[in-house]
Amino acid sequence: MITLWRALGSLKLAFWLLIGATASLFTGSLYANQDYSFFSTLNETPLHIWLAAHIKSDFDIIWWLPVLFIFMTLLGFNIFVCALNRMIRLLKKRKKMAGNRFFVKLMPSIIHFLFLVIITGHFITFTLGSWQRTPLNIGETVYIGEKPVAMTVQSIKHQYFPEHSGLRGRVEQMQVVLTDERGRELPLSFLKPVSFDGTMLQLDMRPNKQKAVDQPPLQIDGKDINEYCNKAHIYHVQPQKADKQLTLLSINDPGLYLILWAFTAILILMTWYFVSVAAARSKAKHF
Amino acid sequence: MITTGRHEILYIGILLFAVSMVFYFCRARKTAFYILISGLLVYTLYLLGRGWVGGVFLINPIVEAPFLLPWCIGMIALVKGILNREGDWGILLIGTVMASVFAMFYAKGIIPPTPNKLTVWVPLFFVPEVMGHALFFCGALYAVASGFGKNKDMDFHNLIIWGFVFYSISQVTGAVWCYLGWGNTFRWSTRHMASAAIWTLYAAYIHLRFLPGFTRRGKAWFALAGGLIVLYIGFSGYLHELRFPRIGG
């Protein structure tokens with residue numbers, strides 16, 4: 001048991017697991033470059049469901065994904081053991097150190113625990129998150145929230161770039177107003193998610209698949225627009241008006257707050273740590 | 001703005017970087033330093049001018065990576081020059097000139113921004129990301145210039161550590177922007193995975209000092225390999241974006 005604990009807490013193992021994760025992510029980025037639309041479905045599908053659907057049929061292009069998760073899981077254990085061992089060692093020496101020095105020494109361990117929180121948060125998001133898209137058209141009813149509430153799309157207003165600019169005819173912002181049966185309004189616009197009954201609601205634009213049957217798809221360099229991550233064409237309302245569809249994205253992401261809080265804490269603590277270390281080095285140089 | 005669409009301003013800035021480099025290697029360090037400052041001022045004016053390329057002010061073209069990168073490397077050289085005028089800051093001028101020559105031939109127009117790219121999170125993501133890349137490149141350059149760790153005065157390690165701090169900031173701001181714009185903090189796309197790969201690579205680097213087998217020479221080779229990987233990932237992305245339709249050049 002002690003041997004296993006030591007092996008798991010080895011820094012050499014941490015290094016090679018990070019290199020392994022780098023290689024897996026880099027490989028994944030190359031595959032995603034070949035088939036953007038295939039991998040983009042994973043963004044809005046729980047990981048286990050997506051893997052179950054593709055592991056046999058598409059193993060040749062997704063093999064790196066289980067490998068990545070193995071590396072990240074092992075890295076999680078490694079971080080936990082390493083950081084815990086270090087923390088215990090430091091706590092034993094606590095009385096011999098000045099308060100500030102102790103906290104500076106403790107900081108890398110705390111940062112590692114926070115990184116663990118981020119990995120866990122992402123894992124929760126990937127497995128328990130849900131994303132649902134609903135097309136938005138004026139007058140139509142949409143159902144949102146955990147206990148679905150019927151809401152009517154009251155209005156959709158487009159705000160375009162100024163006519164005198166080179167971006168004229170392109171959408172700068174959109175305002176959508178949803179109303180419930182009591183007439184209460186729920187305004188939505190891009191980049192401003194709204195929380196509704198535990199669900200985050202936000203706007204997104206997608207190519208209109210139904211219209212695409214009648215018309216040839218928009219292309220860049222002979223490739224369908226869906227093959228690209230940049231959707232500038234979709235927001236250019238003239239003249240391809242029929243090819244885009246405004247959608248409501250309803251998100252339940254139980255890992256989100258873990259990720260964001262840990263990210264913020266890591267940033268503050270890491271900056272403070274490196275500034276403290278740099279200041280201590282500079283002080284040591286002067287004496 | 002007066003510098004909007006005036007590409008000659010960019011060329012003057014690049015010329016000043018090149019002249020600064022020549023003076024530095026001719027051992028006229030003081031002159032080189034002041035020419036670098038002039039070059040950065042001119043280049044900054046060009047970058048600001050890019051904000052109006054679309055006929056309406058946008059921050060996006062200012063922080064577009066191929067154009068921001070030379071400025072970031074130049075700023076790192078400047079800061080190192082301020083800290084130690086007689087030091088080896090001029091080595092970084094090689095990086096500044098190389099990156100700015102790439103910018104010189106790059107498409108000058110802007111990719112029309114979609115509504116989810118019109119946010120303050122754009123500079124909050126791109127500035128630390130490009131600064132992180134710049135510091136990784138500078139670290140690699142210093143690692144090579146130090147004869148792979150032989151010259152102990154050339155500290156590539158600190159550059160990489162600060163690169164890691166900036167890059168980590170960009171991972172956080174990028175995650176927030178991604179969530180607000182697309183509904184995920186991480187997306188399974190080339191961009192995000194390559195970005196995460198760079199982060200884990202340099203996370204591995206900062207653990208090297210705990211591995212007794214890794215000497216300063218080993219670290220220098222790692223710094224060079226890391227710089228080359230960032231170069232491949234970054235520049236393949238810039239070249240890919242050349243295929244998108246642009247406005248204003």
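How many residue pairs are in polar contact across the interface of chain A and chain B? I found 11, both residues at pLDDT 80 or more, taking a polar contact as a pair of N or O atoms within 3.5 Å, where within protein one must be able to donate a hydrogen and the other to accept it, and residues adjacent in sequence count only if both atoms are side-chain atoms.

Ground rules. The model is predicted, so I kept local features to pLDDT of at least 70 and side-chain atom pairs to pLDDT 80 or more, while totals for chains, interfaces and linings use all residues. Residues are numbered from 1 along each chain as its sequence is written, chains are lettered from A in the order in which they are written, and side-chain values use heavy atoms, without hydrogens and water.

Interface. I looked up salt bridges (a side-chain nitrogen of Lys or Arg within 4 Å of a carboxyl oxygen of Asp or Glu) and the rule finds zero between chain A and chain B. Contact (heavy atoms within 4.5 Å) joins 66 residues of chain A to 61 residues of chain B. The buried area (accessible area, 1.4 Å probe, lost on putting the two parts together, summed over both) is about 5500 Å², with 73% from carbon and sulfur atoms.

Sheet. I traced an open sheet of four strands in chain A, ordered S2-S3-S4-S5 with antiparallel pairing; strands are DSSP runs (E, at least two residues), numbered from the N terminus, and two of them pair if DSSP finds at least two bridges between them. S2 (141–144) and S5 (185–189) of chain A are the edge strands. S4(A) and S5(A) share five bridges, and A:Thr179 has A:Glu185 in S5(A) as its bridge partner.
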